[in-house]
Amino acid sequence: MVDLVTVEIIRNALEYISEEMGIILRNAAYSANIKERMDHSCAIFDDQGRMLAQAEHIPVHLGAMPVAVKTAIKEFEGDLYEGDMIILNDPYRGGTHLPDLTIISPVFYKRRLVAFSATRAHHSDIGGRVPGSMVGDAVEIFEEGLIIPPVKLFEKGRIRKDILEIILANSRTPKMRMGDIYAQVAASRVGEKRILKLIEKYGENVFRETVDEILNYSERRIRSEIRKLPKGSYSAEDYMDDSGVEDKPVKIKVTIEISGDEMKFDFSGTDKQVRGPINCPFTVTLSCSYFVLRAITDPTIPANEGTYRPLKVFAPDGTIVNAKPPAAVSGGNVETSQRIVDVLLKALSEAIPDRVPAACQGTMNNVCFGGIDPRTGKPFTFYETIGGGFGGRKGLDGMDGVHSHMTNTMNTPIEEIERRFPLMIVKYSLRENSGGLGKWRGGLGIERVYKTLCPVVVSLLGERHKFPPWGLLGGKPGAKGEYLLQQKTGEVIKLKSKCTVHLEEGDLLIIKTPGGGGYGNPEEKD
């Protein structure tokens with residue numbers, strides 16, 4: 001049996017390998033979305049596809065990556081070799097949405113498969129109907145970009161130029177795509193080298209024994225935390241504003257059962273999948289469920305496959321939380337994921353209100369610009385998400401102007417936007433009085449105003465414009481989101497939370513993000 005000190009050394013080494021991969025990916029990336037916003041994730045898996053370690057990156061990426069790795073293993077069973085790399089983005093085969101490209105690299109030690117390194121990054125254009133590949137009113141996945149099933153990007157160390165050329169030919173910004181793909185390749189190569197050095201130091205047998213103990217350790221700790229939770233059944237429901245195509249709310253419902261040292265999340269009663277981009281592949285629902293499990297127990301428990309063994313997730317086929325092809329899904333990854341977390345936390349607030357915050361902004365406020373840059377005469381695409389208010393929680397006001405729950409990105413610096421793109425940021429500030437009142441108030445949303453310096457196409461994917469972020473235990477809801485187009489003539493047009501619009505040179509796009517809900521009776525506030 002491996003001694004516990006060695007287990008801890010190897011566990012921490014695997015975690016830092018994941019972090020180092022993220023540093024390499026960010027530094028080598030071409031796009032502002034990866035280099036500045038850090039919209040990427042890295043993780044390490046064993047030869048069976050069990051997640052061993054992850055960097056503290058994007059929750060919606062990380063929870064879904066094990067499915068992608070196991071899909072690749074099954075697809076290429078008996079056909080994996082040293083130097084191979086697999087790429088995929090198909091949301092129905094382990095991906096999340098099409099802009100998220102996953103690269104999986106098998107690691108061989110003395111010709112034996114011992115591990116996988118994996119990266120996932122959001123690419124700012126992968127084709128489709130509109131620049132940025134985030135179509136607010138898409139009804140089929142085919143509108144959202146190029147679908148890549150699990151295929152080999154590298155074969156025995158040699159790049160498959162035919163596969164790369166297909167990907168680049170479908171993007172409006174091929175040079176940017178190539179740079180970001182090679183950044184992922186570099187990160188995967190570094191992960192592979194570090195894993196091999198670890199095995200060379202401690203030996204293959206010790207490594208394999210340690211892997212099992214790492215997973216069992218996390219499982220023991222999470223089961224211990226679940227045993228402390230109040231036993232019972234807890235239910236809640238919450239709503240998406242609309243599908244992006246039909247103007248009616250879409251319900252997400254969950255029942256949580258806590259018994260012994262296990263939990264079950266049952267999404268029966270959730271609405272059927274819709275015509276619109278807010279459908280979730282099951283991988284995204286799994287990611288949300290894993291995030292909530294860690295958040296309400298002990299986030300210091302190492303995140304790996306062992307952590308999630310006591311959790312069962314049931315999502316009926318053909319619903320918005322387990323959609324079937326060819327449903328559009330670009331908004332499921334970024335918007336519906338947030339509402340899944342909201343409804344899970346709302347249900348858990350019945351059992352453990354001290355551990356659950358009021359609703360956060362509940363959206364990522366996705367903004368995509370695209371057009372022809374007059375400075376270069378070439379197409380450009382720009383994608384970012386915008387923070388908002390965090391919900392109030394026991395003992396603390398909500399944080400102002402942050403990303404929450406399923407996203408974990410930075411903002412895009414104004415200087416970087418104005419240097420790279422024909423856009424000007426006219427205003428960037430916290431949104432006054434947008435946090436819900438409470439004993440502990442909700443955090444403030446953000447107001448961000450863009451001025452276009454040439455004609456552009458803008459795609460918006462947002463939420464919480466009709467159903468505000470809810471307060472908890474007497475707290476008041478946060479302010480709803482609002483998107484406005486101010487034309488250079490002075491006319492102001494209210495935009496839908498999910499839409500595609502054309503802006504002329506000199507127009508203003510005004511994004512007002514939701515505030516967080518308040519926690520507790522406002523009259524008790526100091």
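This is a predicted model: local features need pLDDT of at least 70, side-chain atom pairs count only at pLDDT 80 or more; totals for chains, interfaces and linings use all residues.
Okay, let's begin with the seven-stranded sheet. It is an open sheet of 7 strands, and going across it you read β2-β1-β5-β4-β3-β6-β7, with antiparallel pairing. On the edges sit β2, residues 51-54, and β7, residues 158-159, and each of those pairs on one side only. If you zoom in on the β2 end, β1 covers residues 40-46 and pairs with β2 in the antiparallel sense over 3 bridges.

While we're around β5, have a look at the loop between β4 and β5, where Arg111 lies. Arg111 has a phi near 70 degrees, a positive value in a residue other than glycine.

Strand β8, residues 232-240, pairs with β9, residues 250-259, over 9 bridges, in the antiparallel sense. Ser235 stands opposite Thr255 in β9. Then β9 is joined to β10, residues 262-266, by 5 bridges, and those two run antiparallel as well. There the pair to look for is Ile256 opposite Phe265 in β10. The hairpin of β9 and β10 has 2 residues between the strands, and Gly260 in that hairpin takes a positive phi near 60 degrees.

Now the helix pair. At what angle do α8 and α9 pack? It's about 40 degrees, with the axes 9 Å apart; α8 is residues 282-296 and α9 is residues 330-348. The two helices are therefore oblique to each other, and their crossing is right-handed. On the α8 side the contact includes Val284, Phe291 and Ile296, and on the α9 side it includes Ile340, Leu344 and Leu348. What kinds of residues make up this contact? We have 10 nonpolar, 5 polar and no charged.

Staying with α8 for a second, let's talk rings. The structure holds 7 aromatic pairs. One of them is Tyr290 with Tyr308, and that pair is stacked, at 3.9 Å centre to centre with 10 degrees between the planes. Tyr290 lies in helix α8 and Tyr308 in the loop between α8 and β11, so the pair ties together parts that are 18 residues apart in sequence.

Between β11 and α9 there's another loop, and Pro326 lies in it. A cis peptide bond joins Pro325 and Pro326, with omega at about 10 degrees.

Last stop is the four-stranded sheet. This one is open too, in the order β13-β12-β16-β19, and the pairing is antiparallel. Its edge strands are β13, residues 378-384, and β19, residues 498-503. On average, neighbouring strands here are turned by 15 degrees against each other, direction ignored. At the β19 end, β16, residues 456-461, pairs with β19 over 6 bridges, antiparallel again; Leu461 stands opposite Lys498. And here α9 comes back: α9 lies across β12, β13 and β16, running at about 50 degrees to β16.

How values were computed
Residues are numbered from 1 along each chain as its sequence is written. Side-chain values use heavy atoms; hydrogens and water are left out. Axes are lines fitted to C-alpha atoms, for helices over the stretch in contact, and angles run from 0 to 180 degrees between N-to-C directions. Angles under 35 degrees count as roughly parallel, over 145 as roughly antiparallel, 65 to 115 as roughly perpendicular and the rest as oblique. A crossing is left-handed if the near helix is turned anticlockwise from the far one by less than a right angle, and right-handed if clockwise. Contact means heavy atoms within 4.5 Å. Ala, Val, Leu, Ile, Met, Phe, Trp, Tyr, Cys and Pro count as nonpolar, Asp, Glu, Lys and Arg as charged, and the others, Gly among them, as polar. Two strands pair if DSSP finds at least two bridges between them. Rings of Phe, Tyr and Trp (its six-membered ring) pair if their centres lie within 6.5 Å; planes under 30 degrees apart count as stacked, over 60 as edge-to-face and the rest as tilted.
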